[in-house]
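Let's take a walk through this structure together, one stop at a time. Have a look at the sequence and the fold first, and then read on.

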Amino acid sequence: MAWDFETDADFQPHLDWVDRFVREEVEPLEHVLVSPYAVQDPLRNRLIRPLQAQVKARGLWACHLGPALGGPGYGQVKLGLLNEILGRSAYAPTVFGCQAPDTGNAEILAHYGTPGQKRRWLEPLLANEIVSSFAMTEPHGGADPTLIRTTARREGGEWVLDGQKWFASSSNYAAFFITVAVTDPDARPHRRLSAFIVPADAPGLRHVRDVHLAGRKPQGHAHGYLAFEALRVPVDHMLGGQGDAFLVAQTRLGGGRIHHAMRTIGEARKALDMMCERAVSRPSRRGTLADKQLVQAMVADSWIQLEQFRLLVLRTAWLIDKHDDYKKVRKDISAVKAAMPKVLHDIVSRAIQVHGSLGVSNEMPFFDQLLASYVMGLADGPTEVHQITLAKELLAQVRPGDEMFPSQHLPTLARKAQERFREAL
């Protein structure tokens, strides 16, 4: 029997330690620090660096990476089990060296970076000495990369970039940006774009403004609105070859989507835990809220929804480990990405309802979680795009019927069965 849902016996003690460590040491950071990405903040470093040292001592640093890059090479299933715990806290991924968007940018640099690029950018990024940003989206074009207008033209030993980028994550703390620009306007749509490393101090890079998520502290990490105004970078700052931007971007997006889903499980479970605690603690006219059938239905529906999603995520992680090729798991990753926002939204919404007026106040974390559910519906491609991708992949495997009525048309099936069993009948 090949099916097995047991966690490896040697890995479970790691998970038990991580669970205690995150609850006791990491979650309190959210109440005293401004941002996990503020690597220039002395207080942040004074509190986070010792925790990172403990993680490294346990061999749990940068678990998304293979041994060649300083990670343990656990694979996606173990990473999923770990990220379920880390998803409870905004600071936990940074403490464990697996925070977005740095993880995806590190994958790009590992695959496409030159030795010089790796020394300058990848090594300090993996050590969390710096943070990075991915600047692809543009104000007019949303999630469709074929609509990108930013251009890059070759002038001697430099590329000159002109255009605008929107919602570049952690832009106000980033030491560099990985960005995409049109280098071959007359090429096929998927060969028009090239990827570049843009240092934060590059001539011609202007921060139009910092954009923050609604309700978030304006002093935290921003999603930048950037302008490239005759921005110049050396020729050796291109990643991959000319026209390879789609290939470069997919290196980070497949992993980024499944990792978002893994962390979302932790966020949703946190909301479910709060809902259950409230239900058994809050008195009502007869007993507690936990005695109310509608509250029981909310708890049951939330648990079922979360466990269904968790199994889908872990199965997808297993397929990634099996094939070692995100392309072969494309439909499964799209399914995870499409399901993720609704799971978090629904569970958080029920938790708010069970908490009543306290649930809609700023004294509980629910609205931050609710906002996160909408962000998850947009980050790394909107839900609708992934629904379309999944549907196309599924329908491509189906052969059209060659008769007037569908293959499961009952009168037709009955006639064929009668013909087959005529002698017995």
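Leaving out neighbours up to four places away in sequence, T412 is in contact with E403 and F405, where contact means heavy atoms within 4.5 Å. T412 is found in helix α12, residues 410–420. (Helices, H or I of at least four residues, and strands, E of at least two, are DSSP runs numbered from the N terminus.) T412 counts as buried because its relative accessible area is 12%; buried means under 20%, exposed means over 50%, and partly exposed is in between, with a 1.4 Å probe and protein chains only.

Before we go further, a word on ground rules. This is a predicted model, in which local features need pLDDT of at least 70 and side-chain atom pairs count only at pLDDT 80 or more, while totals for chains, interfaces and linings use all residues. Residues are numbered from 1 along each chain as its sequence is written, and side-chain values use heavy atoms, with hydrogens and water left out.

Now for the core. The largest nonpolar core has 87 residues, and V18, V26, V95 and F96 have the most contacts inside it. (A nonpolar core is a set of buried Ala, Val, Leu, Ile, Met, Phe, Trp, Tyr and Cys residues joined through side-chain atoms within 4.5 Å.) Helix α7 gives the most to this core, with 15 residues. Take F96: not counting residues up to four places away in sequence, F96 touches W17, V18, F21, V22, V55, L60, W61, A62 and L86. Another core, of 17 residues, lies apart from the largest one and has L161, A168, F177 and V198 among its members.

The crossing of α7 past α8 is left-handed, a label used if the near helix is turned anticlockwise from the far one by less than a right angle, with clockwise giving right-handed. The contact of α7 with α8 involves 18 nonpolar, two polar and three charged residues. (Ala, Val, Leu, Ile, Met, Phe, Trp, Tyr, Cys and Pro count as nonpolar, Asp, Glu, Lys and Arg as charged, and the others, Gly among them, as polar.)

Next stop, α5. This helix, residues 102–112, is mostly covered, with nine of its eleven residues buried. Its cover includes α6, β1, β4, β5, β8 and α7. With α6, helix α5 packs at about 150 degrees, the axes being 10 Å apart, which makes α5 roughly antiparallel to α6. D102, N105, A106, L109, A110 and Y112 of α5 make the contact with Q117, K118, W121, L122, L125 and L126 of α6. Helix α6 also holds P115, which counts as exposed because its relative accessibility is 58%.

The peptide bond from A100 to P101 is cis, with omega near 0 degrees, and P101 lies in the loop between α4 and α5.

Further along come α9 (residues 330–355) and α10 (residues 366–376), which pack at about 160 degrees with their axes 8 Å apart. That makes α9 roughly antiparallel to α10, and their crossing is left-handed. In α10, the buried residues are F366, Q369, L370, L371, A372, S373 and M376, and what covers them includes α7 and α9.

Finally, which phi value does D324 have, although it is not a glycine? Its phi is positive, at about 50 degrees. D324 lies in the loop between α8 and α9 and counts as exposed, at 70% relative accessibility. F167, in strand β3, has a positive phi near 60 degrees and is likewise a residue other than glycine. At 32% relative accessibility, F167 counts as partly exposed.

Definitions and conventions: Axes are lines fitted to C-alpha atoms, for helices over the stretch in contact, and angles run from 0 to 180 degrees between N-to-C directions. Angles under 35 degrees count as roughly parallel, over 145 as roughly antiparallel, 65 to 115 as roughly perpendicular and the rest as oblique.
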